[in-house]
Amino acid sequence: MPLRAQETAARVEELLTPIAEACGVRVYDVEYIKEGTEYILRCYIDKDGGVTIDDCEKVSRALSDVLDSEDPISDAYTLEVSSPGLGRALTKDRHLAASIGEKVEIRLYAPREGTKERELAGVLTGFDKESVTLRPDPVKKSGRKGKKPAAAEAETTEKEIVLQRRDIALIRLAVEF
């Protein structure tokens, strides 16, 4: 996100936080982005048990009134208030902290060194300013002809993988059905 967009999102989050609290929800994230020729202000809210359409509507109306009076955005924009969804992106440290022990999916900008892997899945076990640590899902080895089926079913996995945050294009909660 460009600096101006980050500053706008941060200011809107300041305005949104007391509104969200008054409505019984919490702010998950705020994005101010340009899609085509339009600017979009996306505000994601969350609460235990999930948000409802009524929650989104209540927050949207209250935020719209505050944005009209404070006028922190000079561009014409569309306001969207929604849930971050099940496969939510983990973009902030608070998202990562709340997701320790959860299954995540990670997409890298480039394959991991020595592999062709650009996408990984596993349990998020830790993070810091520079890195994210993942206990990967077991990977089944493909058996060769003539090997016993039991050998073909053997699982291999690394204990933990430490990925540099600068190498991660996307990290999100995994959705399992």
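**A walk through the model**

Let's begin with a cysteine: Cys56 is buried, at 12% relative accessibility. "Buried" here stands for under 20% relative accessible area, "exposed" for over 50%, and "partly exposed" for in between, with a 1.4 Å probe and protein chains only.

Before I go on, some housekeeping. This is a predicted model, where local features need pLDDT of at least 70 and side-chain atom pairs count only at pLDDT 80 or more, while totals for chains, interfaces and linings use all residues. Residues are numbered from 1 along each chain as its sequence is written, and side-chain values use heavy atoms, with hydrogens and water left out.

Now the overall layout. The protein chain has four helices and 10 strands. Helices are DSSP runs of H or I with at least four residues, strands are runs of E with at least two, and both are numbered from the N terminus. If you read along from the N terminus, the order is α-β-β-α-β-α-β-β-β-β-α-β-β-β. Of the chain's 177 residues, 32% count as buried.

Look at strand 2, residues 38–46, next. Strand 2 and strand 3 run parallel, and six bridges join them; two strands pair if DSSP finds at least two bridges between them. Within this pairing, Arg42 stands opposite Glu80 in strand 3. To get from strand 2 to strand 3 the chain passes through helix 2, and this β-α-β crossover is right-handed. Right-handed means that, with the strands pointing away from you, the path from the first strand over the helix to the second runs clockwise.

While we're there, take the loop between helix 2 (53–70) and strand 3 (77–82), because that is where Asp71 has its place. Asp71 is not a glycine, yet it has a positive phi of about 50 degrees. Is Asp71 buried or exposed? Exposed, with a relative accessible area of 56%.

On to the charges. Side chains of opposite charge can pair when their charged atoms come close. I'm calling something a salt bridge when a side-chain nitrogen of Lys or Arg is within 4 Å of a carboxyl oxygen of Asp or Glu. The structure holds 17 of these salt bridges.

Here are some of them. The side chains of Arg4 and Asp75 meet in a salt bridge at 2.1 Å, N to O. That pair links distant parts of the chain, since Arg4 is in helix 1 (residues 3–22) and Asp75 is in the loop between helix 2 and strand 3, 71 residues apart. Arg4 is partly exposed, at 43% relative accessible area.

Another one is Glu105 with Arg172, where the closest N and O atoms are 2.9 Å apart. Glu105 is partly exposed at 28% relative accessibility, and Arg172 is partly exposed at 30%.

Then there's Arg112 with Glu117, a salt bridge whose closest N and O atoms are 2.9 Å apart.

Ala174 lies in the segment after strand 10 and counts as buried, at 18% relative accessibility. Ala174 and Ala121 are 53 residues apart in sequence, and their C-alpha atoms are 7.8 Å apart in space.

One more pair to find on the screen. Gly101 lies in the loop between helix 3 and strand 4 and is partly exposed at 49%. The C-alpha atoms of Gly101 and Arg135 are separated by 9.4 Å, with the residues 34 apart along the chain.

That's my tour, so over to you for questions.
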